[in-house]
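Please read the numbered points alongside the sequence and the model.

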Amino acid sequence: HWLRRAAALSQALPNQAVTAFEEQVQAQLAGLAPAAAQNTEVLRMVRQRVGQQAYRQAMMDYWGGACAVTGIAVPQALRASHAKPWAECTTDAERLDVYNGFLLSANLDALFDSFLISFSEEGGVLVSGHVPQPDRERLGVGESGALRLRWVAAQHQAYLGFHRNRFA
C-alpha cells in the first residue's frame, strides 16, 4: 500500500504535472491543422483544457482519490479546486502546482471557489458570515473549524494565505 502511495505521490509532484502538461499540449497541437495550431486562441483553449485535466489527475493522485476534508472517494463528486484561481496564476507551474488547492467534494468546492469557505493555517474550515446559519448544516459545513483538511503541507501555506485574503 505505501509503495503504491509513494509512486502516486511521485507522479503528483508539481514539476511532474508541468512536464506531463507540456507533452500533452504539444501532442494535441500536433494533431491540429497547421493554420489552427498557429492561432493563439486555439493554443489558449488547448492549454486550458489539457491543464485542467492534468491538474485534476495530479490532485486525485496527491489526495489518494478522496476529498481532502471529508474523505469521500466518489470521483464524480470530487472537484480539483484552486486556492489561487487558474486565471490569476502567472505561470503554468503555479496553475498545476498540487499545493495550489485541494480535492474537494462538489459542495465544498463551490463554497471554496466562491471564497465562502477557506482553511486556517492548521487546516480547519473557516465559514464566511455570508453563509446563513441554517444553510451551514445543510451544506455540511456547520461551525467554523468543525471540519478540517486531512493534512496540510508547508507548501500549501502561501496559496492558503492568498485564498484567506479573498475570503468573504
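**Notes on the model**

1. His156 is in contact (heavy atoms within 4.5 Å) with Tyr62, Trp63, Val98, Tyr99, Gly101 and Phe102, leaving out residues up to four places away in sequence. This histidine, His156, is placed in the loop between α7 (133-139) and α8 (157-166). Helices (H or I, at least four residues) and strands (E, at least two) are DSSP runs, numbered from the N terminus. Because its relative accessibility is 0%, His156 counts as buried; buried means under 20% relative accessible area, exposed over 50%, and partly exposed in between, with a 1.4 Å probe and protein chains only.

2. This is a predicted model, in which local features need pLDDT of at least 70 and side-chain atom pairs count only at pLDDT 80 or more, while totals for chains, interfaces and linings use all residues. Residues are numbered from 1 along each chain as its sequence is written, and side-chain values use heavy atoms, with hydrogens and water left out.

3. On confidence, the chain has a mean pLDDT (the predictor's confidence in each residue, from 0 to 100) of 83, and 70% of its residues reach 70 or more. Helix α3 (residues 34-37) has the lowest confidence in the chain, with a mean of 56, whereas α6 has the highest, at 97.

4. Strand β2 is largely enclosed by the rest of the structure, because five of its five residues are buried. Gly101, Leu103 and Ser105 lie on one side of β2, Phe102 and Leu104 on the other, and all are buried. In a regular strand the side chains alternate between the two faces of the sheet. Strand β1 (residues 78-82) runs antiparallel to β2 and is joined to it by five bridges; two strands pair if DSSP finds at least two bridges between them. Leu78 has Ser105 of β2 as its bridge partner.

5. The largest nonpolar core has 32 residues, of which Val69, Phe102, Leu104, Ile117 and Phe119 touch the most other members. Such a core is a set of buried Ala, Val, Leu, Ile, Met, Phe, Trp, Tyr and Cys residues joined through side-chain atoms within 4.5 Å. Helix α4 gives the most to this core, with six residues. Beyond its neighbours within four places in sequence, Phe119 contacts residues including Val69, Phe102, Leu104, Leu160 and Arg164.

6. What of the cysteines: is Cys67 buried or exposed? Cys67 counts as buried because its relative accessibility is 0%, and Cys89 counts as buried at 5%. The structure holds zero disulfides, a disulfide being a pair of cysteine sulfur atoms within 2.5 Å.
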